[in-house]
Amino acid sequence: MSQVVTDTMVRVENVHRSYGAGAAAVHALRGVSFDVPRGELVALKGRSGSGKTTLLNLVGGLDAPDEGRVTVDGLDLSTLDESGLLGLRRDRIGFVFQSFGLIPILTAAENVGVPLRLRRADPREREERVDLLLSLVGLADHAAQRPGELSGGQQQRVAIARALANNPSLLIADEPTGQLDAETGIAVMELLRAVVRSERVTALVATHDATLLGLADRVLELSDGEIVEH
Ligand SMILES: Nc1ncnc2c1ncn2[C@@H]1O[C@H](COP(=O)(O)OP(=O)(O)OP(=O)(O)O)[C@@H](O)[C@H]1O
Ligand SMILES: [Mg+2]
């Protein structure tokens with residue numbers, strides 16, 4: 001497994017992904033290529049069904065392409081076995097989903113600490129990092145509340161803090177504001193924008209919301225499984 005440090009965080013080359021076979025096959029991605037430069041916030045737009053989630057799953061190592069290559073942080077994902085992919089997801093990638101994905105019985109602080117527990121971080125180090133992250137997302141005063149006791153925007157802030165827990169190189173967010181009202185959505189997007197700068201992370205964010213695209217360093221558009229040139 002070789003790794004080269006480059007200015008490119010994500011490289012997607014001629015990626016194809018179909019679901020099913022024969023006449024019933026759905027060609028979700030049909031030869032997609034693009035780069036995400038290190039340190040940038042790149043938005044991915046496109047209609048429902050255009051292939052955004054399929055693409056994010058490939059970049060996040062949750063799924064493999066039928067054809068083509070995905071390179072993340074200098075690692076060609078096709079060279080990694082299951083445990084290599086698990087390590088990549090745990091150590092280098094933070095995921096944020098539309099549905100927040102928090103554990104209901106854990107407090108905000110405990111949710112943020114989950115990735116650190118999985119890494120068996122020292123408890124003191126873990127607590128300090130959790131405090132820092134909750135402050136970063138503006139929830140220092142809500143550490144003891146469970147997800148059901150937080151607003152949608154607050155829950156997504158906890159999820160962003162959790163995604164950052166292990167200092168990932170790449171943040172992948174799939175419609176992180178999809179369940180939020182417009183104003184709260186903008187606040188969450190602004191938070192993502194701010195953490196990309198302050199935490200020196202790179203982000204690839206799928207979003208439907210045209211008003212949120214203005215915060216991105218660049219916008220990629222998918223249409224029917226292909227990148228549309230602007
Ligand atoms: N597991 C699956 N099995 C079969 N077809 C699938 C599967 N997942 C996605 N598809 C199909 O692949 C295409 C792309 O889906 P995808 O979820 O990537 O779109 P999307 O851009 O994320 O849409 P949305 O904005 O609604 O989330 C769609 O036609 C979808 O029906
Ligand atoms: Mg989707």
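**Exercise 1.** Place E175 in the fold and decide which charged or polar partners its side chain has.

*Solution.* E175 sits in the loop that joins β7 (170-174) to α6 (182-198); helices (H or I, at least four residues) and strands (E, at least two) are DSSP runs, numbered from the N terminus. This is a predicted model: local features need pLDDT of at least 70, side-chain atom pairs pLDDT 80 or more, while totals for chains, interfaces and linings use all residues. Residues are numbered from 1 along each chain as written, chains are lettered from A and ligands numbered from 1 in written order, and side-chain values use heavy atoms, without hydrogens and water.

Next, the charge. E175 is buried (under 20% relative accessible area; exposed is over 50%, partly exposed in between; 1.4 Å probe, protein chains only). E175 has no salt bridge, and K52, the nearest side chain of opposite charge, is 4.2 Å away. A salt bridge needs a side-chain nitrogen of Lys or Arg within 4 Å of a carboxyl oxygen of Asp or Glu; Lys and Arg count as positive, Asp and Glu as negative, and His and the chain ends are not counted.

Last, the contacts. Beyond four places in sequence, E175 is in contact (heavy atoms within 4.5 Å) with K52, Q98, A206, T207 and H208.

**Exercise 2.** Classify the pair F95 and F97.

*Solution.* The count is one aromatic pair. F95 and F97 form this pair, at 6.0 Å centre to centre with 0 degrees between the planes, and it is stacked. Rings of Phe, Tyr and Trp (its six-membered ring) pair with centres within 6.5 Å; planes under 30 degrees apart are stacked, over 60 edge-to-face, the rest tilted. F95 is buried at 16% relative accessible area, whereas F97 is partly exposed at 36%.

Methods:
A polar contact is a pair of N or O atoms within 3.5 Å; within protein, one must be able to donate a hydrogen and the other to accept it, and residues adjacent in sequence count only if both atoms are side-chain atoms.
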